[in-house]
Amino acid sequence: MGSPWPSSPPTGAQTAAFADAVVKPYWLDVLPPREPRPRLEGPSEADLCIVGGGFTGLWAALHAKADDPARDVLLLEAETVGFGASGRNGGFSLGSLTHGIENGLARFADEMPQLERLGHENFEGFVADIERLGIDCGLELTGDLAVALEPHEVAWLGEGAELLERYGHDYELFDRDAVRAEVASPTYLGGLWDKTDAAVVDPGRLAIGLADAALASGVRLHERSPATKLEDDGVGVRVLTPGGHVRARRVLLATSAYPPLLRAIRRYVAPVYDYALMTEPLSPERRRSIGWKRRQGIGDCANQFHYYRLTEDDRILWGGYDAVYRYGGPVRPDLDDDLETFAKLAQHFFTTFPQLDGVGFTHRWGGAIDTCSRFSVFFGTAHGGKVAYAVGYTGLGVVATRFGARVGLDLLDGRETEATRLRYVRSKPVPFPPEPLRSGVIQLTRNRLDAADRNAGRRGLWLRSLDRLGLGFDS
Ligand SMILES: Cc1cc2nc3c(=O)[nH]c(=O)nc-3n(C[C@H](O)[C@H](O)[C@H](O)COP(=O)(O)OP(=O)(O)OC[C@H]3O[C@@H](n4cnc5c(N)ncnc54)[C@H](O)[C@@H]3O)c2cc1C
């Protein structure tokens with residue numbers, strides 16, 4: 001028995017289901033209208049300038065103010081807050097700092113007990129901050145359900161359960177009938193429900209909520225103000241924008257997959273596009289037909305995986321599978337649309353839930369993921385420690401950005417903490433080669449991952465060699 005995905009092309013009906021969808025992240029489209037904050041005009045000064053108004057930059061701004069309310073914090077966002085990955089993601093909110101326990105063990109085995117504990121504390125802080133700040137972002141502590149679609153994946157779930165047990169997670173392992181009773185899909189052969197440190201949120205509302213809280217704490221926010229250059233003047237760093245500049249004692253770069261202001265980041269980060277569809281709200285009858293009463297975030301176990309979840313008004317967000325890297329790693333608005341990928345996503349959606357035949361998609365969009373070869377955030381400093389960065393979350397940053405922001409600030413302020421002493425914080429991923437080799441290596445790796453999925457998960461020579469070198473590709 002192989003993968004459930006049809007080898008035939010998507011049908012006309014499947015393609016028609018997303019034909020009228022608006023090309024815009026659903027979460028940003030349904031936000032109440034708001035006036036962007038003014039652009040940066042003319043010269044300005046700040047103790048701390050943060051570049052990037054996604055979750056990393058917003059958490060950093062909030063924490064910098066909480067550390068020292070007198071600190072003058074200025075945040076520059078090229079577009080509007082949440083415009084990047086933070087407003088485009090699935091809203092899966094997981095505590096792991098290492099993109100899962102298995103990946104953590106492969107790379108930071110000696111530090112895993114600490115990394116799991118720090119991840120747990122960060123998750124608790126994430127929930128507590130949202131409650132304390134009164135951010136209405138649809139946080140639901142639903143847990144995370146991994147589903148097996150092929151027999152070898154059922155074995156993986158068993159191994160996954162052992163790891164969850166070892167690290168003290170609360171979980172339930174489902175056989176075929178039990179997982180189908182949980183969520184009604186004829187493709188499921190097993191499931192593993194991890195109930196520890198796993199939730200879903202509305203990421204658009206979270207980003208706006210964090211921005212409002214930052215403004216309330218005195219952070220100065222300039223939107224539509226892209227930083228174009230850093231200039232070191234010995235004492236501080238000038239951050240230039242088209243309309244002005246900020247002279248700052250310290251600068252935190254939180255620019256994720258976007259073209260970086262430091263060349264060093266480019267070696268380690270490959271912008272990889274991930275795509276998602278959002279359905280219309282399900283009718284009560286359709287909603288009943290899929291079960292899913294406990295509303296978990298769901299992901300399948302293949303290398304090329306789908307992730308899906310319910311919204312507060314019972315739509316289904318359905319994303320993943322294709323992770324698209326393009327030559328040179330461009331990040332541009334026109335890449336938000338990719339008809340071939342959406343057709344495949346729609347086909348897989350209706351294969352997973354045939355009872356939802358006829359449902360339409362209202363939104364389709366893509367977003368760039370800051371993929372690095374170790375699949376977790378990494379850090380660095382430049383300009384004699386006056387500039388720091390936290391990037392590389394590789395598709396799992398909704399919660400980890402809060403930790404990344406904290407560590408970025410500690411590095412800038414020269415504060416030694418339990419986290420800053422870790423190899424996890426001090427080391428860098430293995431760099432990707434420059435183009436044209438970069439595209440070649442990534443396409444080959446994607447091709448081999450696809451082959452492994454079609455071959456009972458067995459990893460061939462190329463993937464095993466990468467595993468040995470600590471190199472990988474994920475989204
Ligand atoms: C489609 C998709 C689905 C995902 N699903 C999940 C998920 O379900 N769960 C999960 O944990 N993670 C998920 N992720 C990853 C997660 O969204 C990111 O890890 C996280 O949002 C990263 O936050 P960030 O602030 O570091 O980056 P971003 O949110 O990308 O923010 C960077 C910001 O910097 C701005 N910027 C860039 N350059 C400049 C400049 N020069 N000057 C000023 N501003 C600049 C950009 O406009 C952008 O707003 C997903 C990502 C994508 C794309």
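Reader: Which residues have the most contacts inside the largest nonpolar core?

Author: First, this is a predicted model, where local features need pLDDT of at least 70, side-chain atom pairs count only at pLDDT 80 or more, and totals for chains, interfaces and linings use all residues. Residues are numbered from 1 along each chain as its sequence is written, and side-chain values use heavy atoms, with hydrogens and water left out. A nonpolar core here is a set of buried Ala, Val, Leu, Ile, Met, Phe, Trp, Tyr and Cys residues joined through side-chain atoms within 4.5 Å, with buried meaning under 20% relative accessible area (1.4 Å probe, protein chains only). The largest one has 38 residues, and the most contacts inside it belong to Ile-50, Phe-126, Leu-206 and Leu-210.

Reader: What does Leu-210 touch?

Author: Contact means heavy atoms within 4.5 Å. Leaving out residues up to four places away in sequence, Leu-210 touches Phe-55, Leu-58, Trp-59, Leu-62 and Ile-135.

Reader: How many residues are in the second, separate core?

Author: Phe-174, Trp-193, Tyr-275 and Trp-318 are among its members. The count for this second core is 37 residues.

Reader: What share of the residues is buried?

Author: The protein has 475 residues in total. Buried ones make up 58%.

Reader: What radius of gyration does the protein have?

Author: It's taken over C-alpha atoms, and the globule rule is 2.2 Å times the number of residues to the power 0.38. For 475 residues, a compact globule would come out near 23 Å, so the protein agrees with its 22 Å.

Reader: How far apart do the centres of the positive and negative side chains lie?

Author: Lys and Arg count as positive, Asp and Glu as negative, while His and the chain ends are not counted. There are 54 positive and 64 negative side chains, and the two centres lie apart by 5 Å.

Technical notes: Buried means under 20% relative accessible area, exposed over 50%, partly exposed in between (1.4 Å probe, protein chains only). The place of a charge is taken as NZ of Lys, CZ of Arg, CG of Asp or CD of Glu.
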